[in-house]
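I opened the model to look up a few local features and the ligand surroundings. My notes follow in the order I took them.

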Amino acid sequence: MTTTFNLEHQPLLQSGTFHLAVWGCQMNVYDGERICDLLSACGLQQLSSPDGADVIVLVTCAVRAKAEDKVFNQILSWQHQGIITEKTVLALGGCVGAELAEKIIALCPQVNIVFGPRTAHRLPELIATYQTSGQAQIAVEAEALEKFDSLPAPGRRGVSAFVTIMEGCSNKCSYCIVPYTRGEEESRPLEAILNEIRLEVENGVREIHLLGQNVNSYRGSDSAGRLVHFSTLLYAVAALPGVERIRFTTSNPMEFSDDIIEAIAEIPLIADSVHIPVQSGSDRILKLMRRHYSADDYRTLISKLRAARPQIHVSSDFIVGFPGETEADFNETMRLVDDISFDQSFSFIYSKRPGTPAALMDDPVELAVKKERLYALQEKLERSAASYSQALLGTEQEVLVEGLSRKSSAELKARASCNRIVVIDGPQNLIGRMVRVKIKQVMAHTLKGELIDA
Ligand code: SAH
Ligand code: SF4
Ligand code: F3S
């Protein structure tokens, strides 16, 4: 089998150690895993703690101001603790790297290397150049797909693997910084994705989690150069021997076309869970957000999905307190939440991101009011998620056993198709297997299950 991975141009680093810290979305988790594979292939050994590491790599998130602040607070705290010394090579990557690049080097002397989501593969070369020249290195620009062709085969990690299918985002929602940090959207070729999945299956992976900011706008090409849509990719992944479950994140309501809904109806390997962020239930706000769908479009989409797969769990992200959001707008969001019944969802107070169109909009609503709205929404979402948990009590579920439970090595941690964590008692040789369990107990965020047929 041929792979697209090519390490020829990577330098061999002096032996040493590195520590990696990752913030942000699953695409950063994927990039972080690939950076580990790459630095290990180049001769560095990974440490789980930053203490004593020769190289510290930060893969950062810029989506909200708080996420960005965390990175700089972490650097200061490590510096005060003596973890970052003059000898440490500190490489800041991810979305904050792409967003602030030169500013970081100018204002944060502890940072020696800045890279971005598109240049993760250049890290060994940047480290080597910094070590020989002593000059700070900045590299954030690259072709969208260059990274994927310059990485080693994925290492062995677990039974579920993230596979990024596209880089960047061209939607330019008015509040969002991602298009400016990850650049214009571009899809990986079908074969490159399938090859990576085959390697993951050889590693023992059973569940594939396809990633993109907008997976349903995937537009790749096959080996004959023909255009491939997301639904075709789903059928191709499902046909690969060894793949037992498929997830995908994130879907945009705007391009969730009927062929994708049909694929969900026809491919039983697709999990009973979809994350389709609606952001707001007010059409006025959705327009200001430049989301290109209405709340009713969203209602229609979810009813079509439920007709195709009645047991599917739908989750969402919400932004509360978007510039100019009125009480009436917010009530529309609450009404939508009542109508849809979401499972475990995320909600955030709007955060002004420099350079985005929304940053220039009038934002007269006080933070205290926004917080009140956020808590009210979160309470409603919690109640909705709790009723999903209750409904699972007594049901039989097929779960993929992922590993030992965090609390006790006598228990196993598994994941149901609907994305809920199920803790079970059972032997360790079940890890990596799909087993049937009966849900016996419902706890705040997990379920307790009993094996039926192992
Ligand atoms: N591509 C995905 C979202 C990626 S960002 C989509 O379009 O659905 C993840 C979430 O962060 C978004 O869904 C949104 O809810 C939130 N987010 C993005 N920008 C934000 C901002 N400026 N303030 C607050 N939340 C934001
Ligand atoms: Fe941001 Fe919108 Fe792209 Fe999602 S679709 S990453 S919210 S610009
Ligand atoms: Fe954050 Fe970048 Fe992901 S801004 S949410 S890490 S794409």
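**Ser-341.** I looked for Ser-341 and found it in the loop between helix H12 (327–340) and strand E17. The model is predicted, so I kept that in mind for every value below. I read a phi near 55° for Ser-341, a positive value in a residue other than glycine.

**Gln-279.** I checked Gln-279 next. Its phi is near 75°, again positive in a residue that is not glycine. I placed Gln-279 in the loop between strand E14 (273–275) and helix H10 (283–289). Gln-279 is buried, because its relative accessible area is 7%. Gln-279 also turned up beside ligand 1, among the closest residues there.

**Ligand 1.** How many residues surround ligand 1? I noted 15, the closest being Gln-213, Gln-279, Arg-291, Asp-317 and Ser-351. By class I listed seven nonpolar, four polar and four charged residues in this shell. Then I went through the polar contacts. From Gln-213, a backbone N or O atom lies 2.7 Å from a nitrogen atom of ligand 1. From Ser-351, a backbone N or O atom lies 2.8 Å from a nitrogen atom of the ligand. Asp-317 uses its side chain: a polar atom there lies 2.6 Å from an oxygen atom of ligand 1. Which elements give two or more residues to the shell? I wrote down strand E16 (317–320) and strand E17 (346–349).

**Ligand 2.** I turned to the second ligand. Its surroundings include Cys-169, Cys-173 and Cys-176. I also noted Asn-171, Lys-172, Tyr-175, Val-178 and Pro-179 among the residues around ligand 2. Gln-213, Asn-214, Asn-252 and Arg-291 are in the list too. Gln-213 and Arg-291 were already in my notes, among the residues closest to ligand 1. By class, I recorded six nonpolar, four polar and two charged residues around ligand 2.

**Thr-249 and Thr-250.** I checked the peptide bond joining Thr-249 and Thr-250. It is cis, with omega about -5°. I found Thr-250 in the loop between strand E13 (245–249) and helix H9 (258–266).

**Asn-203.** Where does Asn-203 sit? I found Asn-203 in the loop between helix H7 (190–202) and strand E10 (207–211). Asn-203 counts as buried because its relative accessibility is 16%, and the cut-off is under 20%. I followed the side chain of Asn-203 to the backbone oxygen of Pro-154, at 2.9 Å. Leaving out residues up to four places away in sequence, Asn-203 touches Pro-154, Gly-155 and Arg-156.

**Helix H3.** I ended with helix H3 (residues 94–107). H3 has a kink of about 90°, centred on Leu-100. Which residues of H3 are buried? I listed Gly-94, Cys-95, Val-96, Gly-97, Ala-98, Leu-100, Ala-101 and Ile-104. So Leu-100, on which the kink is centred, is one of the buried residues of H3, with a relative accessible area under 20%. What covers the buried residues of H3? I noted strands E3 (55–60), E4 (89–93), E5 (113–115) and E6 (137–139) among the cover. Helices H2 (65–80) and H6 (178–181) are also included.

Key. Residues numbered from 1 in each chain as written. Chains lettered and ligands numbered in written order. Predicted model: local features only at pLDDT ≥ 70, side-chain atom pairs only at ≥ 80, totals over all residues. Heavy atoms only, no water. Near = heavy atom within 4 Å. Polar contact = N/O pair within 3.5 Å; in protein donor to acceptor, adjacent residues only side chain to side chain. Helix = DSSP H or I, 4+ residues; strand = E, 2+ residues; numbered from the N terminus. Nonpolar A, V, L, I, M, F, W, Y, C, P; charged D, E, K, R; others polar. Bend = angle between axes of the 7 residues up to and from the residue. Buried < 20%, exposed > 50% of the residue type's maximum accessible area, 1.4 Å probe, protein only. Contact = heavy atoms within 4.5 Å.
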